[in-house]
Structures are given as structure tokens and as C-alpha cells.
Amino acid sequence: MSLLNEQQFSRISTAVNDLTPAQLAWVGGYLSGLSLGDHSSGNNIIPFPQQIHVAPEAQQAISTTILYGSQTGNSKGIAEKLQQSLQASGHATQLKSLRDYRPQQLKKEQRVVFVISTHGNGEPPDDALALFRFINSSRAPKLNDLDFAVLALGDSSYEEYCQTGQELDLRLEALGATRWLNRIDCDVDFAEDATSWRQQVLEKADSENKPAANTVPFQQQPLNAAIQQATVGTAESPWTSELLSFTPVTDPASDKDVLHFEFSLEDSGITYQPGDILAVKIRNDAELVTSLLEQAQLDADTEISIKDKPYSLQDALLEKLEITSLTRRQLQAYATQTQHPELEALAADKSALVDWLEAADWVDVLKEYPAPLDAQALADLLRPLKAREYSIASSLEAHPEEVHLLVKRVEYQQGGRAHLGAGSNWLAHLQEADSADIYIKQNTHFRLPENDETKVIMIGAGTGVAPFRSFLFDREAKGVEGNSWLFFGEQHFRTDFLYQAEWLQHLKTGVLERMDVAFSRDQAEKIYVQHRLLEQAENLWAWLNEGAHVYVCGDMHKMAKDVHNALLQIAVEQGGYSAEQAEQWLEQLIADRRYQRDVY
């Protein structure tokens with residue numbers, strides 16, 4: 001029997017829908033305090049958590065500083081849960097983003113726990129740039145009194161897997177700090193490893209710094225669990241959303257197939273901000289699964305286990321395991337397991353198979369390098385099927401109870417057969433009124449300025465223009481005009497000018513002040529957005545000197561890198577900076593959140 005009636009539960013659900021995990025934990029603690037109050041006296045005034053007196057023994061104990069460096073919020077979420085666990089056991093903690101932390105403070109710390117992701121090509125997230133500059137400079141102090149632990153987040157499909165966490169771990173040791181716990185490297189399916197690591201931290205803190213017996217710990221009552229379960233639109237509790245419509249935004253004559261999707265958020269209570277990301281849970285293509293089973297010569301009904309849960313091999317390949325991409329580490333594991341000497345040598349050579357690995361799937365592996373493999377061994381080699389993430393192309397202010405996506409359908413030839421992008425093609429096969437499980441990922445590093453009058457420079461190529469549609473519709477809905485400049489690049493003006501009518505309307509109404517376009521294949525010499533930036537160097541420099549914020553969205557290996565170099569060149573030519581000064585100037589823009597990137 002439920003402790004709450006329907007109206008009470010509805011009120012709670014509505015009240016907490018837009019709370020962060022940390023806020024939910026605080027609410028849970030506060031409600032727990034209410035449940036522990038002296039109701040018999042009629043006094044229901046309960047002190048807030050920060051007013052509760054902690055035993056002197058606990059106050060004198062070592063405090064754990066938790067620092068996170070996060071690009072898309074994963075590190076922040078893990079750090080918040082760690083703080084909640086430590087506080088629940090009575091340990092003193094402080095939690096900070098590396099953006100808000102003075103690196104010089106490290107020499108005064110006793111224990112610091114880092115949760116940090118790797119961004120781009122093995123780079124620290126923007127929040128952590130100042131820390132890395134400091135600890136790798138001549139000013140870095142000896143840290144002989146510091147205990148530290150590192151949880152590194154990354155994606156093993158990249159060669160620089162967890163490189164930022166690895167570099168931080170080794171550098172702190174070189175500065176004399178003591179490794180309190182061994183570093184753990186987490187892949188995209190980090191939840192289980194992060195939970196295990198959090199337990200290790202808690203157990204070690206308890207063993208070295210047991211709270212006093214008379215300390216009242218932060219309680220997590222059943223009601224807190226009910227509140228968390230009531231929150232939808234998260235990875236743990238996705239929302240099943242109806243597809244309202246989908247529309248091609250490229251001409252039929254285009255070499256590309258780009259689609260605009262509109263999903264319903266009606267009755268979900270889900271909110272998002274311009275710049276946020278929508279994650280969509282997908283299934284693998286049934287024909288690809290059949291081809292994989294045939295190539296592996298395995299029975300679809302064979303039972304396998306994933307994290308101690310049973311599945312048929314076919315169901316696992318359809319819904320649980322990643323089969324359209326692979327990593328060098330997976331290839332090395334396959335070569336070792338199947339004792340394939342030629343493949344072992346190739347997989348160990350970082351310069352070999354680079355292009356093949358980028359385009360190949362697991363059917364290619366089994367076709368090119370066949371070897372006997374049982375069903376469980378195959379399942380153990382594969383990574384979990386992850387949700388596909390897309391920059392949101394809408395604004396709740398302009399599109400209430402809706403979320404829009406801009407998606408290019410991926411299809412290419414490799415090894416004599418067609419390869420389909422898993423996420424884009426799953427979406428492309430949806431029909432109106434079909435549904436998808438979705439959730440929001442906050443992207444706090446890609447936000448419009450707080451002051452609506454601040455100038456914004458938006459640079460996007462292809463579907464990288466999606467968040468700028470969100471930006472401009474949001475500004476229009478709020479009555480903001482001008483101070484906006486969009487650079488857009490694609491292949492052909494006639495067939496690939498995504499959202500052309502909308503940009504022209506924004507220019508007409510004044511919401512969009514300026515727009516420069518680069519269509520790379522419409523002339524003999526290829527022209528890209530970075531070339532347009534250089535052409536407009538003088539005006540861009542003037543906007544930057546007036547406090548403009550710069551936003552870049554697109555391919556991190558090509559477009560974003562070229563735009564970055566163009567900005568450095570502009571700083572040298574227009575600002576009179578040396579190359580080193582230009583780098584420092586751009587790093588300061590990042591630190592000030594005036595240069596924000598959403599790259600992939």
C-alpha cells in the first residue's frame with residue numbers, strides 16, 4: 001500500500017521535475033529531517049542541512065575535496081553522487097568544478113578526488129585547462145602532503161582513451177603527491193565502474209577517517225527514492241516520446257540525406273536549454289544482425305549473459321551491444337583470443353588499419369579475419385549499445401513541449417557492401433506517431449550569454465548548425481534582436497542550404513544581424529567556413545573586442561580544428577599578437593566561457 005495518495009504523489013512529481021541530482025539529494029535530506037522531527041510537540045520547524053551541528057571529532061577529520069572537469073556533464077554527475085555518499089556517512093566534503101577552483105590551492109589540500117573526462121583529441125575539458133597549465137608549468141609546487149585519486153572518463157573508440165585522466169594521475173605523482181587509490185579508466189558505459197569506484201572511495205574514507213559515533217549522518221529515506229523515480233527524461237528513466245513529424249531539409253538532388261525531426265514532450269515535464277543535447281536510445285539494424293550471425297556461424301537463439309542477465313544472442317545484438325563500430329583495443333582482444341598472429345601485429349600498430357577501423361563494423365572483422373568464436377566470447381568482445389546524442393535544434397520558448405533534431409543519414413560503401421549509421425538510419429525508419437526513448441543531457445559548456453545584448457558569433461558546418469537554430473529561435477521568442485552573426489558551411493547552395501528559409505526570415509526580422517556562407521563545391525577552389533572567418537577578420541576582431549561570444553559546432557578533427565587555427569591567425573594579424581600570445585588569448589576566452597565548442 002502506497003504511503004502517498006495520488007494527489008500527493010502528483011504534487012511531488014511536479015515539484016521535482018526540473019531539479020538536478022544534487023538538488024534532489026538535498027530535498028531528500030531535508031524531507032528526511034522532517035521525518036525525524038519532534039511532531040509530538042507540534043514544532044515542525046526543522047533546521048536546514050547546513051545548520052545541523054556535526055560532532056567535533058568529525059569536524060577535525062580530513063575533508064575530501066571533490067573536483068570535476070566535465071564537458072557534457074558526466075563527470076559532474078559522478079562527482080555529485082560521490083559527495084552525497086560521503087556526506088551520508090558523515091564525512092566532510094567540498095565539491096567544485098575545476099573552472100571555479102584555484103590550482104594554487106592544491107598545495108593546501110590534504111585529500112583531493114578528481115573526476116575528469118577526456119575531450120577532443122586527448123585534450124582536457126575546457127574547465128580543466130587552467131589546472132593543466134598550472135601543474136605542467138614551472139610554478140607547480142611540490143605536493144608531498146596531498147593524497148589524490150583519479151576517475152578518468154573517456155571513449156575507447158578514440159586512440160587517446162582517458163588520456164586526460166592518465167596525464168593528471170602521472171603528473172600529480174611526479175609532483176610528490178600520494179596516490180590514495182589507483183586510477184580507474186571508464187568507457188562510455190561508465191555507470192557500473194563509477195559506482196564501484198565510489199564504493200572504494202567511501203570504504204577507504206571510512207577506514208581512515210571513521211566518523212564519530214554521535215555524528216548524525218545524512219539520511220536517505222524511501223521518500224527520496226520515490227522522488228528520484230518520479231523524475232523522467234534522464235538516462236536512468238528515459239521518456240517515451242512520440243514522433244510528431246519528420247521532414248527532409250536537403251534537396252532530392254543532394255548527395256546527402258538530412259532530416260528534421262520533431263518529438264513531443266507533452267506531459268513529460270522535461271525541460272532543456274538552447275545548447276543542450278538529446279540522447280536517443282536505438283536498436284541495431286535487423287539485417288546487419290542477421291549478417292553478423294551468419295558470418296560468425298552462430299545460432300540466434302543461443303543464450304548469453306550480459307552483466308549476469310540472460311539474453312538470446314539475437315536480442316543482445318539487436319538491443320544491447322554495439323556492432324556498427326569497433327576499437328583497436330577490441331581488435332587486439334579478438335586477435336589474442338582467436339590466436340590470429342597477423343591480426344595481432346596489425347592491431348598493435350597504431351599506424352596500421354586507421355582508415356579501415358574508422359569505417360569497419362563487426363561483420364567486416366569476421367569476414368576479413370575469420371576465426372572460431374562462441375556466442376559468449378563474441379558478446380564479451382562487444383561494447384554496450386549507447387544512445388546516440390544530437391544537438392537540440394529547437395527552443396522551448398518557441399516550440400513548447402517539443403524537441404527538434406537535425407540528423408544526416410549516414411551510408412557508405414566499405415568492403416563491397418553498404419554500411420549504415422546505426423542512429424541516423426534507425427531514426428530515418430521511424431514514421432509519424434512512432435515513439436523513441438529519449439533523455440536530455442545538459443551541455444553547460446554551450447550556453448547563450450546571460451546578457452541578451454551580448455554579441456554572439458555562431459560557426460557551424462552541415463548539421464553542426466542545429467544548436468544555432470535553437471539559439472536564434474530562443475532569442476526571437478524573447479524579443480532579442482541583432483548582435484548575432486552566423487557562419488554556415490555545406491557543399492552546395494542549391495541542394496544543401498539547411499534551414500535556408502528560416503535563416504532568411506531571421507535576417508529579415510533582425511533576429512539574425514549577419515550571415516556568411518561557404519559552399520565548398522560550388523567553385524573550383526574549395527571554400528570553407530574558416531576561409532569566411534579570415535575574409536571577415538577585421539569585423540570579427542571588432543566584435544570580439546566588444547565582448548562577443550564565439551560558438552563552434554561540428555567535426556572536431558577537421559572544421560573545429562581549422563576554425564580554431566583561423567581564430568589564432570586573426571588574433572595575430574588583427575591584434576598584433578605573437579603566436580604564443582594568441583594561444584593565451586584564446587585560452588582566456590575559453591576560461592571566460594566566451595569561446596564554447598560542441599564538437600564530435
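This report covers strands, surface charge, backbone angles and salt bridges in a predicted model.

## Basis of the model

Residues are numbered from 1 along each chain as its sequence is written, and side-chain values use heavy atoms, with hydrogens and water left out. Because the model is predicted, local features need pLDDT of at least 70 and side-chain atom pairs count only at pLDDT 80 or more, while totals for chains, interfaces and linings use all residues.

Strand E3 spans residues 111-117. Helices (H or I, at least four residues) and strands (E, at least two) are DSSP runs, numbered from the N terminus. E3 is mostly covered, with 7 of its 7 residues buried. Buried means under 20% relative accessible area, exposed means over 50%, and partly exposed lies in between (1.4 Å probe, protein chains only). Arg111, Val113, Val115 and Ser117 point one way from E3. Val112, Phe114 and Ile116 point the other way. Both sets are buried.

E3 pairs with strand E1 (residues 64-69) in parallel, through 5 bridges. Two strands pair if DSSP finds at least two bridges between them. E3 also pairs with strand E4 (residues 147-153), again in the parallel sense, over 7 bridges. Phe114 takes part on both sides. Leu67 stands opposite Phe114, and Val150 in E4 is a bridge partner of Phe114.

Strand E16 covers residues 435-441. Of its 7 residues, 5 are buried, so E16 is largely enclosed by the rest of the structure. Strand E7 (residues 239-248) runs antiparallel to E16, and 4 bridges join them. Strand E9 (residues 277-280) is also antiparallel to E16, again with 4 bridges. Within these pairings, Glu242 stands opposite Ser435, and Val280 has Ile438 as its bridge partner.

## A negative surface patch

Glu242, Glu266, Asp267, Glu401 and Glu432 gather in a patch of negative charge on the surface. Patches are made of residues with over 30% relative accessible area and no salt bridge; like charges are joined within 9 Å, and nonpolar side chains (Val, Leu, Ile, Met, Phe, Trp, Tyr) within 5 Å. Asp and Glu count as negative, Lys and Arg as positive; His and the chain ends are not counted.

Glu242 sits in strand E7 and is partly exposed, at 40% relative accessible area. Asp267 lies in the loop between strand E8 (258-264) and E9. Asp267 is exposed, with a relative accessible area of 67%.

## Positive phi angles

Most residues other than glycine have a negative phi. Asp267 has a positive phi, near 70°. Tyr499 also has a positive phi, about 60°, although it is not a glycine. Tyr499 lies in the loop between helix H18 (493-496) and helix H19 (500-509). Tyr499 counts as buried, at 8% relative accessibility, whereas Asp267 is exposed.

## Salt bridges

Side chains of opposite charge can pair when their charged atoms come close. A salt bridge here is a side-chain nitrogen of Lys or Arg within 4 Å of a carboxyl oxygen of Asp or Glu. The count comes to 27 salt bridges. One of them joins Arg179 and Asp169 (2.9 Å, N to O). Arg179 lies in strand E5 (residues 178-179) and Asp169 in helix H6 (residues 163-174), so the pair ties together parts that are 10 residues apart in sequence. Arg179 is partly exposed, at 25% relative accessibility. Asp169 is buried, at 3%.

Arg447 and Asp276 meet in another salt bridge (2.7 Å, N to O). This pair links distant parts of the chain, 171 residues apart. Arg447 is in the loop between E16 and strand E17 (456-461), and Asp276 is in the loop between E8 and E9. Both ends are buried: Arg447 at 14% relative accessibility and Asp276 at 2%. Arg388 and Glu322 form a further salt bridge (2.6 Å, N to O). Arg388 is in strand E12 (residues 388-391), and Glu322 is in the loop between helix H10 (313-319) and helix H11 (328-338), 66 residues apart. Arg388 and Glu322 are buried. Salt bridges that share partners also join Asp169, Glu173, Arg179, Arg183 and Asp185 into one network.

Note on methods. Accessible areas come from the Shrake-Rupley method with a 1.4 Å probe; for residues, only the protein chains shown count as cover. The place of a charge is taken as NZ of Lys, CZ of Arg, CG of Asp or CD of Glu.
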